[in-house]
Amino acid sequence: MIALVLGVLGCGDKAKGTSAPAAVAAAFPAARFVPAQPTYVLSARTMREAQVAFTHVVDMLGMTAGFEVSEASLELKHVLGVDPLNAAAVAAIGIDLEGSMALFSEGLNPTFVVHLSSAEAMNGFLEGQRQKGLRTQSVIAAGTEIFTAKIASEVHISWAVEKEWLWVHFSLGGADGVEWFEHSKDPGGAGWADGWKWAQQLASKSAPVVGVMDLQAVFGKLGTLAKEAIACGRQFSSVQRVGLNFDIDAKQFAVELAFDLGAGADRIRSMLLQPPPGWAKASANAPIAAQWNADLPTVTAWLEVCTDDEDIRVALAELGLRSVRGFVHKLDPGENEGTGAVSADLTGAGYFRGMLDQIPGRRMAESSRTFGQYKGKHISVPFVGKGDYVLTDALVIAAMGNGVLAAIGTGAAPSGPPPILGLEVRPQGLHADVWRFLLEQADMREPKRLVQRLLLWSELALSAQIDGPVLVIAAHGIRR
């Protein structure tokens, strides 16, 4: 997307780029310029759809990282001279909003290809950038003039145009040569086509944005920058292909990122821990529900070569956590009342027994109860609150609300593997003040503004699940 505003118009013969399969090129015309063996490819049927998808991604990341789409737009406009997230602004400089776009690389540095609707508008925009101090150099390659400019201390941008098609290439750590353009102009093959077809088939309907990645090739390229990446990459050696599809419109988005694990899927499946039998029913339609069911000590040990964050491992060992889940139906922080629950599989219960021992007069305040298949306690402490809990060496469940823990402990064990990760948020289910309280407890930046943004959505969800040999990470959102 960034590259859309930095091309220049030149003269040359009509572009070749005919290696993409006919079915792909028909729906995604810009994909015809993808080189034969890319490390990654992402293409959109239209620039308008790519723009909406990118805006949704920026909005979702911004809510967690503490920035807004408007802030990203201002920063991009400052650097590029135009806001690439603004459809009218992009169209005004000659980008065809109904034309296809593609993003790809043979290494790590990205190349964008987009369709132009107006050479004159693009020329005018670029002339304005030159007058503002953009300094360029150019060479001829494959019969086309390629321009290069330095836009930051270690960032260069190169571009070329052949009639209605614009190429823009970003390079870090010094300017690249011209191979990126030569291999795109005349691909000579489409080694990515099978992966592309697989990614398309993962979608429930024809997706307007599709992508594939050669994960091993990416780790190989990263390994030239950091030796740690090579060791980390070995942990993902079973990943045979990666695919992405993105279905979007102005009101909602749905994205799936899929990893073909082959036989490696069985290893992840073996890490999964089933939630309590009634957990799914008890948490259904909760304003907020989250779960992590993959054995945490195993996962952190597996990823140890990818991160040196010792704090996480120490915290898990101290808490004794193997999994963690929680949901909230109602919450009144002022009255210490609510309806919801948390649960976790444990390696040991020492931490939680220590917490219980800190409650003054606990023995007098609790009584034994049976909650479905579990034996536990009901506790009521004046001025503190009341609830139910189950604690064994292998499991802890704590709940607030009449009948919640009994519902969790009732029912048959679920069939099939549980999700690795699940997160569901229904913002209208809780009052704005409650959301603000929860975000403050999580030490989120500008919680009041974040609540305002959150309430623009009626539903948000994120999940990761094993489906046969495929790990599917899916996210979706629906605006009000």
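This is a predicted model: local features need pLDDT of at least 70, side-chain atom pairs count only at pLDDT 80 or more; totals for chains, interfaces and linings use all residues.

Tutor: Start with helix α8, residues 215-223: here L215, V218, F219 and G223 are buried.

Student: What covers the buried residues of α8?

Tutor: The cover includes β8 (209-213), α9 (227-234) and β9 (241-248).

Student: Next, D59. Where does D59 lie?

Tutor: D59 is in helix α2, residues 47-65.

Student: Why is D59 called buried?

Tutor: Its relative accessible area is 9%. Buried means under 20%. The value of 9% is under that cut-off, so D59 counts as buried.

Student: Which residues is D59 in contact with, leaving aside neighbours within four places in sequence?

Tutor: V69, R453, W457 and R479.

Student: Now R135. Where is its place?

Tutor: R135 sits in the loop between α5 (119-131) and β4 (137-141).

Student: How do you know that R135 is exposed?

Tutor: The relative accessible area of R135 is 75%. Exposed means over 50%. The value of 75% is over that cut-off, therefore R135 is exposed.

Student: What does R135 touch, not counting residues up to four places away in sequence?

Tutor: R135 touches T148 and A149.

Student: How many residues apart in sequence are R135 and K375?

Tutor: They are 240 residues apart in sequence, and 74 Å apart in space, C-alpha to C-alpha.

Technical notes
Residues are numbered from 1 along each chain as its sequence is written. Side-chain values use heavy atoms; hydrogens and water are left out. Buried means under 20% relative accessible area, exposed over 50%, partly exposed in between (1.4 Å probe, protein chains only). Helices (H or I, at least four residues) and strands (E, at least two) are DSSP runs, numbered from the N terminus. Contact means heavy atoms within 4.5 Å.
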